[in-house]
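Please keep the sequence and the structure at hand while reading.

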Amino acid sequence: MLLSSFGKEQTSYSGALSVFWQVLDSVTEKETTAKKPGQSLFLDELKSYIRIKYLDPDFSIENLCRIKFISHSHLCRIFKAQEGMSPVSFVKKMRLDYAASLLKNTDYSLKKIAVMSGFKEYEYFFRSFKKQFGVTPTVYKERLQ
C-alpha cells in the first residue's frame with residue numbers, strides 16, 4: 001500500500017516526509033522513563049537503602065528524599081515507572097512480607113510482630129496485612145499450623 005502510492009502518483013514533499021517519520025517511528029525503540037541512563041542504578045541504590053532501613057519505624061520516604069537529594073514527586077514517578085508501585089507501597093509490602101515470615105517462624109504476639117515489622121500502629125498493620133494476604137494475621141497464623 002505504501003509502495004503503490006509512491007510508484008503511481010507523485011507524492012508531495014510533506015507527504016513523503018510524513019511517511020518517512022511513520023516508518024522510522026515504527027522501527028525505533030520507544031524511550032521510557034525506566035530506560036534513562038543512570039536512573040536504574042540510582043533506583044537500585046535507593047532500593048538497597050530501603051532494604052536496610054525499612055524495619056525502622058521512623059523510616060519515611062520523606063527522609064529518604066532528603067538524604068538522597070531527590071524530590072518526593074520525582075522519586076514516586078521513577079519508582080512507579082520501574083517497579084509498578086509507589087515507594088510507600090514498596091516499603092509496606094516489604095514490611096508485610098517480613099511480618100508473614102515472623103508469623104510463620106516465631107511465636108511472637110501479633111503486636112510484637114507489628115512493631116518488629118516497622119509498623120507504629122497495630123490497627124494499620126492489621127488492615128494492611130488483611131488487604132495484602134486476604135486474611136487477618138490471626139487466621140494466617142492458624143492456617144500455618
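The model is predicted. In brief, the buried residues of α9 pack against α6, α7 and α8, α6 packs against α8 at about 90 degrees, and eight named residues, among them Phe129 and Tyr140, form one aromatic cluster.

**Helix α9 and its two sides**

- Helix α9 runs over residues 137-144, and Pro137, Tyr140 and Lys141 are buried in this helix.
- These three residues lie on the same side of α9 because they cover an arc of only 95 degrees around the axis.
- The face of α9 turned away from the buried side carries Glu142 and Arg143, which are exposed.
- The partners of the buried α9 residues are α6 (87-105), α7 (110-116) and α8 (122-133).

- Lys141 lies in α9 and counts as buried because its relative accessibility is 16%, where buried means under 20%.
- Leaving out residues up to four places away in sequence, Lys141 touches Leu103, Thr106 and Asp107.
- Leu144 is also placed in helix α9, but Leu144 is partly exposed, with a relative accessible area of 40%.
- With residues up to four places away in sequence left out, Leu144 touches Leu103 and Lys104.
- Leu144 and Lys104 are 40 residues apart in sequence, yet their C-alpha atoms are 6.6 Å apart in space.

**Packing of α6 on α8**

- The axes of α6 and α8 are 10 Å apart and meet at an angle of about 90 degrees.
- That angle makes α6 roughly perpendicular to α8, since 65 to 115 degrees counts as roughly perpendicular.
- On the α6 side, the residues in this contact are Lys92, Lys93, Leu96, Asp97, Ala99, Ala100 and Leu103.
- On the α8 side, they are Tyr124, Phe125, Ser128, Phe129, Gln132 and Phe133.

**Aromatic rings**

- A pair of aromatic rings is described by the distance of the centres and the angle of the planes.
- The count comes to ten aromatic pairs.
- One of them joins Phe119 and Tyr124, with 5.9 Å centre to centre and 55 degrees between the planes, which is a tilted arrangement.
- Phe119 is buried at a relative accessible area of 4%, whereas Tyr124 is partly exposed at 33%.
- Phe129 and Phe133 form another tilted pair, with 4.5 Å centre to centre and 35 degrees between the planes.
- Phe129 and Phe133 are separated by about one helical turn because they are four residues apart in helix α8.
- Phe129 counts as buried at 0% relative accessibility, while Phe133 is partly exposed with a relative accessible area of 28%.
- One aromatic cluster is formed by Phe119, Tyr122, Tyr124, Phe125, Phe126, Phe129, Phe133 and Tyr140.
- Tyr140 in this cluster is one of the buried residues of α9.
- Tyr122, another cluster member, has the charged end of Lys111 over its ring, 5.7 Å from the ring centre.

Terms used
Residues numbered from 1 in each chain as written. Predicted model: local features only at pLDDT ≥ 70, side-chain atom pairs only at ≥ 80, totals over all residues. Heavy atoms only, no water. Buried < 20%, exposed > 50% of the residue type's maximum accessible area, 1.4 Å probe, protein only. Arc of directions from axis to C-beta. Contact = heavy atoms within 4.5 Å. Phe/Tyr/Trp six-rings, centres within 6.5 Å; stacked < 30°, edge-to-face > 60°. Lys NZ or Arg CZ within 6 Å of the ring centre and 35° of its normal. Axes fitted to C-alpha atoms, helices over the stretch in contact; angles between N-to-C directions. Parallel < 35°, antiparallel > 145°, perpendicular 65-115°, else oblique.
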